[in-house]
Amino acid sequence: MLWPFNHFRKPRTPLRGTIEAIYGMIVTQAREPLFYRDFGVPDTVNGRFDLLLLHLWLVLRRLKSVEGGTTLSQGLFDHFCNDMDDNLREMGVGDLAVPKRMQAFGEAFYGRTAAYDLALTEGREALAQAMCKNILNGGNIEKARLLAAYAEAAMAGLDSLDEATLVSGRGRFPSPEKAGAQQ
């Protein structure tokens with residue numbers, strides 16, 4: 001039986017477990033030591049944040065082509081925001097400062113994703129330049145080229161996943177070591 005007030009309910013969000021699995025895949029890859037040791041990513045809070053954003057962007061980019069991907073993408077982004085909020089509070093950031101820091105995170109996310117999207121239209125060197133600026137603090141373009149080659153390999157790997165594997169969170173990113181060797 002349909003209840004007359006069902007249309008007032010919030011739309012159903014994707015399963016929490018699915019979002020957590022996909023987000024876990026992103027976080028696990030962003031913590032891969034090779035990025036910090038061999039790709040020149042600073043092993044700092046900011047460096048780790050930038051790698052998390054890179055991998056989130058890669059997954060969100062792929063989800064655009066998946067049926068129901070918009071809802072899943074929003075759930076994934078919301079989970080990212082909640083995780084950042086929780087991390088700020090664990091680091092001792094006060095309640096009054098958290099909203100300002102979250103706004104800065106949002107600006108960083110949208111700025112970087114726009115830069116990466118634009119760079120994709122211009123080729124690998126433009127992507128390397130964007131990564132050099134946003135991840136490597138403007139230094140070491142050679143390492144940025146490794147990151148760009150990795151990002152291209154990751155995009156190809158995500159594109160090759162069937163939708164069921166992708167949305168289940170069972171997909172995997174390529175090894176940074178193998179992707180960097182393909183440069």
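Tutor: The accessible surface of the protein chain comes to about 10,400 Å². Carbon and sulfur atoms hold 54% of that surface. Such areas come from the Shrake-Rupley method with a 1.4 Å probe, and for residues only the protein chains shown count as cover. This is a predicted model, where local features need pLDDT of at least 70, side-chain atom pairs count only at pLDDT 80 or more, and totals for chains, interfaces and linings use all residues. Residues are numbered from 1 along each chain as its sequence is written, and side-chain values use heavy atoms, with hydrogens and water left out.

Now the overall build. The protein chain has nine helices and zero strands. Here helices (H or I, at least four residues) and strands (E, at least two) are DSSP runs, numbered from the N terminus. Of the 183 residues, 44% count as buried. Buried means under 20% relative accessible area, exposed over 50%, and partly exposed in between, with a 1.4 Å probe and protein chains only.

Next, helix H3, which spans residues 45-63. His55 is in H3. His55 counts as buried because its relative accessibility is 0%. Its side chain makes a polar contact with the side chain of Tyr150, at 2.8 Å. A polar contact is a pair of N or O atoms within 3.5 Å; within protein, one must be able to donate a hydrogen and the other to accept it, and residues adjacent in sequence count only if both atoms are side-chain atoms. Leaving out residues up to four places away in sequence, His55 touches Ile26, Gln29, Ala30, Phe35, Tyr150 and Phe173. Contact means heavy atoms within 4.5 Å.

Leu56 is buried, because its relative accessible area is 0%. Not counting residues up to four places away in sequence, Leu56 touches Ile26, Leu76, Phe80 and Phe109.

Last, the core. The largest nonpolar core has 57 residues. A nonpolar core is a set of buried Ala, Val, Leu, Ile, Met, Phe, Trp, Tyr and Cys residues joined through side-chain atoms within 4.5 Å. Its largest share, 11 residues, comes from H3. Among the residues with the most contacts inside this core are Leu58, Val59 and Met131. Beyond its neighbours within four places in sequence, Met131 is in contact with several residues, including Leu54, Tyr116 and Leu147. In soluble globular proteins, nonpolar side chains tend to be buried together.
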